[in-house]
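Dear colleague,

Please find below the structure that I am handing over to you. My findings follow after it.

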Amino acid sequence: MSSPTPKPARLRPRDRDTIIAALRSGVVPRIGFQHIQVGRAAEIAAITDDVRRIADGGSAVRFVIGEYGAGKTFFLNLMRSVAAEHKLVTTAADLTPDRRLQAGGGQARALYSELMRNISTRSNPDGGALSSVVERFVTSATQEAAAQGTTPDSVIVRRLDVLSENVGGYDFAQVVAAYWRGHDTGNEQLKSDAVRWCRGEFSTRTDARAALGVRTIVDDNNFYDHLKLLARFCRLAGYSGLLICLDEMVNLYKLGHAGARRSNYEQVLRIVNDCLQGNVAGLGVYFGGTPELLMDTRRGLYSYEALRGRLAENGFAVDGLVDYSGPVLRLANLTPEDMYVLLERLRHVYASGEPARYLVPDEALTAFMNHCAERVGDAYFRTPRNTIKEFVNLLAVLAHNPGVEWRDLLRQVEVRPESNPDLEPFADGTDDRGPAGGSDELSSLRI
Amino acid sequence: MSRGASKQVAQVAILIILVFLVPAAVLFVVRRTGHAPRNRTPMVAPAVPDRETQANTNVSGRALPTAQTVADADRGGNAAPSMIRPPARPIVPAQPPGAFAAPPAQPAAALAAPPAQPAPVRHPAPAAAVMTRDRPPVRRAVRVVSPPTPRPRPDPPQPADCWLPDGVRADIAGISVSGGMIYVGSRLPAEAADGPDPALIDPRLPVDHRNPDLRGESMNHWPSYSDVTPAARAAYLRWLAGGRCDPDVYLGYVFLYFYGLERRLLVDGRISPVAAAERASLVAEVRRLLTIYGRHGSFRGYAQNLLDAMAVVAPRRDIGAPPELTFAWSPEPSLALRMALAELSAADTPVPAEWALAWITQLPDTFLRTPATRCPEQFTSLFAVRYRERHGDGLILRPGTRSLSVSYRPASRGIRSPAPFENPRLREVSDQAGAISVLRQLAELATTELEAYSRYLGRHPDGATDSAAIAVLPAALPVPADAAARTLWPWAEGELGDAPQVVSSVEALVAHWADAPTTGKLGRADLVVLAQLLDRQGIGLEPDIRFGGGPPSANKAIVLFRRADQRTNAPSPAYDAALATVNLGMLVAMADGTVSAQELVALRAALAPLDLTADERGRLDAHAALVAANPPTPAVLRRRLGALSTAKRAEAGQLLITIAAADGTITPDEVRRLETLFRDLGLDPNDIYSTLNAAAATTAPSPDDLVTVRTAGPAASRIPLPTRQSPARTAFALDPALLAAKRAESARAAAQLAEIFAEDEPAAEVAPAEPPARLPDRPSVAGLDGDHSRLFHRLVERESWPRAEVERLAADLGLLTDGALEVLNEAAYDRAGGPLWEGTDPLTIDHDIAKDMHE
C-alpha cells in the first residue's frame, strides 16, 4: 500500500499553487491534473480516443455518470486538459435552474453565455479565450491576405463562406468581419460589440442590429446551432475542434415540470444524434450526471424512449467486464487505496515535487486516514472533498509552523460528512449555489 | 455516521432531554418566544458547565481556586465540542497554529469561524489541545440537540473590582501607568480557565526593568501577565505607560491589553451596569488600537470581530455612507454592510445604488474584471446609472428568516466564547441569492460597457481626457470638463443649426478639434474617434469609416447630419448595396451638372425597397450630399470605372439601369445619362434599351415597397384607387422568394462594386507604424513571421509584462493582441512543449521555453 507512485516529471510552481489553492477551498483545480490523478487508466484511454477522433474532424458524446463524490467534475476537467493538449478549444458550464438546454425565458442563452465565458485554449486554460480564438482566426486571415496581396476582409469573407449554409452562419461571418473592421479602424466599440454578440450577450435583435448591423442574435432557440457553428469556426481558426462539458445535468432531472424536462431531453437527443451520427465536425459534448439522472425511468434520461435506446449499455458488459466505447462512462467511487495514493500525491505536490521537503512521513498518511475513518466512516474516501481539504490544511499548518508535531495537529482535525445537495429539491426558485460559485465542486480526486 | 445510528443516538438524546433537561428546555422556549429579554441581555451566554465555577466566585469577584473550581473548569473544557473545526470561511494562505489551538468554546459559538491569526510560532497550549477529542457520541448528540440554555443565576457574580476605569492612574512596579482601562490587583480568576485572568496585572510580580523584552522574544502565543517573564512585563508596562500607541511594539503586548478590554466588555459588561455604561469608551479604545495595529491580520481579526459584536447589539440607526469601494478580497461582506442592508430591509427602504455596489463587490465570490478596477469612478457611476434604470430607487429586500448574528471568539484564553450576538430586529439579507444574481449581472454589464474605455486607459494611463478616451466612454457617463473634445460639439451644433444636414470642410473640423493631428490630415483612427465623439451629441459625420469609405483629403468637404433617435453604429447588410446605389445614382443625377430635388426623391425611392434603418437613410442622404459636394471629376470617374473588370462593368451597368427603372418610369433624360455612363464604362449603349424595357416590365413593387396609393385627407370613396400597375404586371404574380434572392444577389454585386467608390487613401496612412527602431530585423523565431518574431523578441526582454504594455507592443506591430499571443504560445507548444507566457495580467514569460524556441 505504501509503494511509491511514479512521480510526475516537472511540477511548475504555478501548477502547484493553483492545485493547493483550489483544493483548500474545496473546488477542482483547473490545471495540473496530471500531478494528482490516481488510477482510471482505461477511462483516460477512452477519452483520449474521443479527443483524437474530434481532432480528426469527427465527433463524440459521452455521459460521465457517477455517484456524488465519484469525481465527475474532476474527470471532466481532466478531459478538458487532455483536449487542450490536442489543440482543441474547450469550454464547460454547469447546468442550473437558470441555465438549461432548452427554455423560453433566456435560460438556454444564459447557458450559452456561460459556455462562451469559459472558453479555454491551451494558452488560456483559465477561460475567457473567446477573443483569442476570434483573433487567431483574424490573424491568420491577415497573414494570408498579406501573402496573397488581397485585403483581410475578402479573406475573412471567403474563409467563412462555408459557415453561411448553417443556421446563423451568415451573421456569424459578419460579426467576425466586424471584429476585424473594428481592429483595422481602431474602433474598440465595434470589437467589443462583436465579442459580446459571440458571447450571446445581446438580448434583443434591435440592439444587435444597431451595434453590428446583423439581424439575428444567439437566443434560446438557436444556441445549439451556434455551438455547432463555433465548432466549425474553431477548426477554421486553426484549432482541432471544440469540446463542451456540461456538468450538473441532474438539474434537468430536478426540473419539476414534465414538459420542460422532456424538451430539455429532446435537446440532449438532438446533440446525441448529431454526435453519434457524425453530422457535426470537430465537436465533442460531455455530460456529467448522477446515476438517477441516467436511469430513473420516471424522470431521468431513460424516461425518454429515444434516449434510452441510444444510451442503453452493452448487454455483455456485466460481471466485471467493461466496455468503454459506449456513450455512457461510469465512474466508481474512490477506494481507501486510491485515497492513500492521492494523499501521497498531495504531499508530493505540496513539497513542490521534492521528496526532501515532505512535511509528513508515510505513517502520517495512514494515521490521517484512520483518524478520518473514525470520524466519518467510509465517507472519508467516498466523498473525499473534506478529507482532502483538511489534509491540505494540515500540510499548510505544518509548513508554516516548522516546530509543530503532526500528531498533535492530527487530533484536532475535524472532518464532517458531506451531504449530497443534488438530492435536495429546489427551494422556491432560488439556487443555493451562487451564480459564480459552486461551478466546480470537488467531488473526488480519483482518476 | 449512518442514518440508523444517528437515529438511535437522537432517540437516546431525546430521552435524556426529557428526563433531565425539561426545565431548561421550557425556559428556553420562554426565552425564545419573548424577544425582549433576549434583546436586553444579548450577551448572556449559555453557561451550563461553568455555572459552578461562577457560583464559587464570591461577591467581590475574587474566587478561591479550589479543587472544585479546577475540576469544573476542566469538565467544561472537555464537554465543549472541538474548537478545531475547519473554518467556515475560506482560509487565508498563512494559517497559523492559533486557529488550531484556541480556548474551549461553547457549543453555540463553536460554529463561529475563527479569524485567521498569523502569529508567532508556538505549540498549542496543551490543556486546550487535549480537551478536544473523542467525546462519546451520545453525549455529543445531547449537546447538539439541547438548545443553549441560559439558566437563572442564583448568585450573579459581581464585576471585578480591580478594574481601573478610563483615566485612573496606577503605579505598578515603579512605572506610572496613566489612562486606566486595565485590571490591576492580586485576584481575578479567569472565566474559562484555571488561574488568574491573562489580563490581570499583579503588581506583586517581579519586573525586570533592566532588560525589557521589547521584541517579545520570551513571549508565548497565549500570553498571560502572570506567566510571562519579568523582562516581558517590563516591556509591557513601558508600552502601557507610553500611551499604548507605539506602532512597532511586539504584538503580544497589545493583545495582553486587548484581553483586558475584552474581558471588561464581555464578562463584566453583562453583569455590571457600570461596565455597560462605559462600553462606548471601551469600543472607542478598541477602534483606536485598530487604527494603529490593524496592519497585523491577527489583531485586526479579533478587534474587528469585537467591534462587530458590539455593533450588532447596539446598532446605529443611521446607516451612513457605504464603505469605500475596495477591490480587496474579503471572506464575507463586512458587518457594517450586512447591518446596513438589514436596516434597509427592516425599514422597507430601497437599497441605494452605492450600497448595492458595495454589497456586490464585497462578496467573496465576486471577481471584478480589469475595467472595473482600472476605472473605479466610472464603474461606480455607470453601475449606479444602470441600477437606477433597472430598479428605480433600488431593490427592496425581503427580510430573511435568520437574524443577523455575529459569532465572537475571544482572543483571551481566559474568556469563554459567548453565544452569537444578535439583534432580533435585524435579519440577515446579505446572502439573498436572487438579489445577488441581479446585481452581479448589472456589475457585469457595467464592466463590459467600460471595456473599450479601460483598454484605452491601459495603453495611455494619462489619457483620461483624450478625445479617443471620451469617444469610447459610455454615453451615460459625464464628460470631464477639461476634455479637448468639448470644443467640437458647440461648433458642430452651430454648423448644423436646425438643418438635417450641412456641408462643411475638413479644415473647419480640424480647427475646432483640439486633439486633431498636427499635420491636419485625418487618419482612419481619427475619423472613428471623431464619429464617436459626434455620436455623443446625436450628430453624424460623412464620410464615416465605420460605414465604408476612406478618410477625406485635406481640402475636401465633409457632411454633418442629425442622427435618428434609434442609432445604428454598424452597417446593415443592405447598406453596402444602398451606398453603391447612392453613388451610382448621384453619378446619373449629376451627369447634367446639377442635382435636382426630383432626382433626390427618385434616388430615395430607389432605396425604399432596401431594408435600412431610419438612421441609415439619413446617413445615405448625407452621403449623397457629400458626393454632390465632392463631385468626382470626369477624369477620376473614368479612371475608376476603367479600373473595373469587364464583368464588374456589366454589373455596374445593370445596377444603373435598375436605379433608373426603380420608380417604374424611364425618362429620356435618364436614358441620356445612362448612355453617357455606359460609354464611360465601355459598355454598349444599345444594351440599355433592351435591358430598360425588361427592367420596367419586371420591376414590381414588392410587399414592403412604398407606393403612393392615395394622398392624405379623407377617403373619397371605398372604390380601390387605380395604381400604376400596368396590365402586363397584373398578368402574373411575383414570387417573393425569387424577388428576395434577386435582391440579395444585387446587394452582393453592389457590395463588390462599393470599393470603386472608396476615396483614394493618403499614402501615409496605409503603412503601419514603424516597428521600434532598436529592433531593426531580428531573425525569425520558431517559424514565426516577421511581426510575431519581433513581438517575441520584445517579450523575452522581461520576466513579466502588464497586459496594457503587451497591447501597446502588439498595436505598434499592427497585431491583434490575443491572436498574436495565441500564435506565440502555439509555436511554443510545438517547439518546446510548454507555454511561452502564462497568466492574463500580468503575463509572465518562461525564459527556458524561450530559449528552447530559439533552437
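Two strands are said to pair if DSSP finds at least two bridges between them. With that criterion in mind, please note also that the model is predicted.

**A three-stranded sheet in chain B**

In chain B, β7 and strand β9 (residues 557-562) are paired over five bridges, in the antiparallel sense. One position in this part of the model is Ser504(B), which stands opposite Ile558(B) in β9(B). The sheet to which these strands belong is open and has three strands, in the order β7-β9-β8 (chain B), with antiparallel pairing. Its edges are formed by β7 (501-505) and β8 (539-542) of chain B; each has a single partner strand, so one side of each lacks a neighbour in the sheet. On average, and with direction ignored, neighbouring strands here are turned by 30 degrees against each other.

Helix α26 (residues 614-629) of chain B lies across β7, β8 and β9 of chain B and runs at about 155 degrees to β9(B).

**A second sheet in chain B**

Another open sheet of three strands has the order β10-β12-β11 (chain B), and its pairing is antiparallel. Here β10 (800-801) and β11 (837-838) of chain B are the edge strands, each pairing on one side only. Between β11(B) and strand β12 (residues 843-845) of chain B, the antiparallel pairing extends over two bridges. Trp837(B) stands opposite Ile845(B) in β12(B).

Two packed helices are described by the angle between their axes and the distance between the axes.

Helix α15 (residues 353-362) of chain B packs with helix α18 (residues 433-449) of chain B at an angle of about 100 degrees, and their axes are 10 Å apart. The arrangement of α15(B) relative to α18(B) is therefore roughly perpendicular, as angles of 65 to 115 degrees are classed. From α15(B), Ala356(B), Trp359(B) and Ile360(B) meet Ala435(B), Ile436(B), Leu439(B) and Arg440(B) in α18(B). By class, this contact of α15(B) with α18(B) comprises six nonpolar residues, one charged residue and no polar residues.

For helix α34 (residues 786-795) and helix α36 (residues 817-832) of chain B, the packing angle is about 80 degrees, with the axes 10 Å apart. This makes α34(B) roughly perpendicular to α36(B). His788(B), Leu791(B), Phe792(B) and Leu795(B) in α34(B) meet Ala820(B), Leu821(B), Val823(B) and Leu824(B) in α36(B). The contact of α34(B) with α36(B) has seven nonpolar residues, one polar residue and no charged residues.

**The surroundings of Ser218(B)**

Ser218(B) is found in the loop between β4 (182-183) and α9 (230-241) of chain B. Its relative accessible area is 33%, so Ser218(B) is partly exposed. With residues up to four places away in sequence not counted, Ser218(B) touches Asp213(B), Thr229(B) and Ala232(B). The side chains of Ser218(B) and Thr229(B) make a polar contact (2.8 Å). The C-alpha atoms of Ser218(B) and Val228(B), ten residues apart along the chain, are separated by 7.4 Å.

**Chain A overall**

The secondary structure of chain A comes to 19 helices and five strands. Of the 447 residues in chain A, 61% are buried. Among contacts in chain A between residues at least 6 apart in sequence, 72% join residues at least 24 apart.

With kind regards

Definitions and conventions:
Residues numbered from 1 in each chain as written. Chains lettered and ligands numbered in written order. Predicted model: local features only at pLDDT ≥ 70, side-chain atom pairs only at ≥ 80, totals over all residues. Heavy atoms only, no water. Axes fitted to C-alpha atoms, helices over the stretch in contact; angles between N-to-C directions. Helix = DSSP H or I, 4+ residues; strand = E, 2+ residues; numbered from the N terminus. Parallel < 35°, antiparallel > 145°, perpendicular 65-115°, else oblique. Contact = heavy atoms within 4.5 Å. Nonpolar A, V, L, I, M, F, W, Y, C, P; charged D, E, K, R; others polar. Buried < 20%, exposed > 50% of the residue type's maximum accessible area, 1.4 Å probe, protein only. Polar contact = N/O pair within 3.5 Å; in protein donor to acceptor, adjacent residues only side chain to side chain.
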